[in-house]
Amino acid sequence: MGSSGELLFDGADWDFQTLQRIHDACEEVARKELGLDVYPNQIEVITAEQMLDAYSSVGMPLFYKHWSFGKQFAFQEASYRKGLMGLAYEIVINSSPCISYLMEENTATMQTLVIAHAAFGHNHFFKNNYLFKQWTDAEGILDYLEFAKGYIAVCEDRHGRETVERTLDAAHALMSHGVDRYPGKKTLDLRAEEKRAGERRQHEEAVFNDLWRTVPNTKAKSKATLTAERRRALLGLPQENILYFLEKTAPRLQGWQRELIRIVRHIAQYFYPQGQTKVMNEGTATYVHYRIMSRLHQQGRITDGNFLEFLQSHTNVVFQPEFDDRRYSGFNPYALGFAMMQDIERIVKTPEDEDRAWFPDIAGKGDVEGVLREIWSNYRDESFINQFLSPALIRRFRMFHLHDDPAESQGIKVDAIHDERGYRRVRRELARQYDVGFVDANIEVVDVDLDGDRRLMLRHTTVKGAQLNETDTRRVLQHLADLWSYDVALTELDGTDKVLKEYVVSPRAAAVAA
Amino acid sequence: MVMHIVDRRLNPGSKSLENRQRFLRRAKALVQGAVKKSSQDRDIKDVLEGGEVTIPLDGMDEPRFRREGGTRDMVLPGNKKFVEGDWLQRPNQSGAKGSGAGEGDSEDAFRFVLSREEFVDLFLDDLELPDLAKRKLAETESEGIRRAGYATSGSPANISISRTVSRALARRVALRRPRKDEVEALEAELAECDDETRRRELLAQLEALKAKVKRIPFIDPIDIRYRRFETVPKPVAQAVMFCLMDVSGSMSEHMKDLAKRFYMLLYVFLKRRYKHVEIVFIRHTDRAEEVDEDTFFHGPASGGTLVSSALVAMHDIVRTRFRPADWNIYAAQASDGDNMTSDSGVTGHLLTDKILPVCQFFAYLEVGEAANYTFDMPDSSLWTLYERLRNEGQPLSMRKVSERGEIFPVFQDLFKRRTSQERV
């Protein structure tokens, strides 16, 4: 490599030329050695204050205004000032060009680490992982957010801030149940989406004729012919995307309110893959930065001192406290992801007999980068762990599985440990912890009583006896009822369809939909 | 591949400001409560410093469907001694909760930092000060001068040289006054020229130019401009606040506390209106003295009660240190209402003749014990006196207070009443 041996920087200082050199050096390793395929990079240098700002708008460079972000900002600012919380070194946005925010306080070494991590690791993952390809539109997201911000501002002017805020509050409460979990026929195109919204509005304005209001309504068709089955089919029920259902069928929502719900829904969908790929995404990025930094050091482009500085922060990032440690708060996705990537590298390069038995497809295959790229493209956390967590790694982390049944008086049972009998069970349970099917409550809209009081009926199918928190559920249902404008009923059922609990909530007097 | 670096550091900061304001507006009632609570423990001047407040999260929550209970399975790292089939003791309830459901619970109370402005705004918001503030501003005007463009006449001292010269230049250009170098060029050519006809031509040209130079002056009287000034009403930017308090034995700690709260509010209000606010503390028994804040509220004192002594002291201080022309003078007097009967006449005269004419505002606050309801309090000697003065048309504001909670309403009421009185 042409420029090898030449130091990229010396000491901690950097300027924009340094950043450019660092980027180019990283790119060389990323492309030639790791074979990464990335969106064009855009690196933005920001201050700590701007980093805090970015935190409170879910990391996006622009976002609509809402009090909840202000609350988050006040909270984060307070803990930051008290020193309870450090700031991230970077934020990276799944967009094309891929935007990475770098803090100005970072040393040159840290900038190198961050560029390798975000601008190449995360970037490659965003561009190639199937979930992101399926659910997000990196080209269109920033334009769509711009549109959303503008649209919501216009709505506030037209309909009053309070009304808009109430609708958004309600939509936010249902955000976790506003995503499609299974791909439908259409691919997402946010630009077209934005255009359509504009056209819808223009059409409404163009064809508006006050006369229609005075025309007497035609008599409704007899509803008796509509069987329950057919009604559900027409409404597209059961439907687990509650926001989608509201947007399409809530009887008394205004057009702009449907658009707001749509915006919240699209944004929830945009972030949906990120929640399912934390371990893989961070694992990929960490593995990539480790490879790039090591190569740069080997080429003599980073001094030993700077490399030590890198190793220190790298070690902090991939630190996994044990379960009885005070610092323990679940698996560290960086630690688990990085360990798994390295473990796969080991299996591909120098497998043992055990690995050959467990991973016949990849053991000893030799092409580390090819195997990893293939994995990065085609898995999410749950399937990744289920497929690639090796016995060696289970032993290294000394993982064990606890089964806590409240009905069991003896206590918590150790169900499996890192031994021959336990590997598969530990692996299955860990994978399940990352399965969105288990992480989010399974709540569906099942029916609407169109003949009666238009009550909206929902069903929560409980898993392993975990029921909804009552206070929160009542509040969320209140929001839902306000949007629906009629009563909303939620039934909690166990696996055998036995009713555990029922909620009925009526809309508030000053409901969202007027 | 092309990579772009964008320096965002100079972008306008506080992108979250609007979201923050929305949050504060939404949490207004809660934050206001917290602000009042936190201001109770503070010294008068510290009230303005802003600071951290804690609010409960009622109504600020963002509910989600979340689950709890049921059978839980978890995979943990760091097994040291367990083998399959072991039974572990359940940790006590609190511990178990932390690892599982947690999230919503940890946010029950919410601490954050308010800036100085936010703090004062919230503190005074429900006092409806804006009306009052305008009124005060109108009252506290004095004359000032400010620049107001240019004039064609004025005193020579006010000539605006730059404006005059630039106008002269414009005129010279417009009238094509020959420049010096044009004349010099002709003269040089003339000096070197041998051809007679050409010489004559040049001479004629030169004559014409010189005549033109004479006709068009370098600076003409019409070029001259003077800086213009106009007088404007200008608010007096400083105020002094007199705190008068009876500290005789009959004043309890509770009464002093009530007085302190009132002074605090008045101070905060004045501080918002005026750049510079001085406070003078005068305490009195049967004699009056000027003291510092700490002594004022906490220093021991005993003796009889002679209100006029405090008024004399205040009058002296006003005369020596605070010229009414330069200072807005506010006074608030707190007392339990006792006064020597013989003192009434002197007090009345002092107030009517000396104190009230120089004051923007004089408030009398009669403080009582907590148990007493204000309407039960018999009218004290001081109250009777002041009431008589007020009925005679003196601009006096007076209220009775016996509970902490009454301070805010009374403060608000005092200022409101005053404006409505003046409108009549």
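Hi everyone. Before the first helix comes up, one definition: axes here are lines fitted to C-alpha atoms, for helices over the stretch in contact, and angles run from 0 to 180 degrees between N-to-C directions. Please also keep in mind that what you see above is a predicted model.

With that in hand, have a look at helix α1 of chain A, residues 16-33. This helix lies across β1 of chain A together with β1 of chain B, and its direction is at about 150° to β1(B). So what sheet do those two strands belong to? They sit in an open sheet of 4 strands, ordered β2(A)-β3(A)-β1(A)-β1(B), and the pairing is mixed.

Let's walk through the pairings. Where the two chains meet in the sheet, β1(A), residues 41-46, and β1(B) run parallel, joined by 5 bridges. If you want a residue pair to click on, take A:Ile43, whose bridge partner in β1(B) is B:Ile5. Over in chain A, β2(A) pairs with β3(A), residues 98-103, in the antiparallel sense, with 4 bridges. There, A:Val92 has A:Ser100 of β3(A) as its bridge partner.

Helix α2 of chain A, residues 48-56, lies across β1, β2 and β3 of chain A, and runs at about 135° to β3(A).

Now let's turn to the contact between the chains as a whole. How many residues of chain B take part? The count is 52 residues of chain B, in contact with 77 residues of chain A. On the chain B side, the elements that each supply at least two residues are β1 (3-7), α1 (17-26), β3 (67-68), β4 (72-76), β5 (87-88) and β6 (109-114). Which of them gives the largest share? That is α1(B), with 7 residues. By residue type, this side of chain B divides into 20 nonpolar, 13 polar and 19 charged.

Finally, a few words on chain B itself. Its secondary structure comes to 14 helices and 14 strands. Of its 424 residues, 28% are buried. And taking contacts in chain B between residues at least 6 apart in sequence, 80% join residues at least 24 apart.

Conventions
Residues are numbered from 1 along each chain as its sequence is written. Chains are lettered from A and ligands numbered from 1 in the order in which they are written. This is a predicted model: local features need pLDDT of at least 70, side-chain atom pairs count only at pLDDT 80 or more; totals for chains, interfaces and linings use all residues. A residue is buried if 20 or more other C-beta atoms lie within 10 Å of its own, exposed if 12 or fewer, and partly exposed in between; C-beta atoms are placed from the backbone. Two residues are in contact if their C-beta atoms, placed from the backbone, lie within 7 Å. Ala, Val, Leu, Ile, Met, Phe, Trp, Tyr, Cys and Pro count as nonpolar, Asp, Glu, Lys and Arg as charged, and the others, Gly among them, as polar. Two strands pair if DSSP finds at least two bridges between them.
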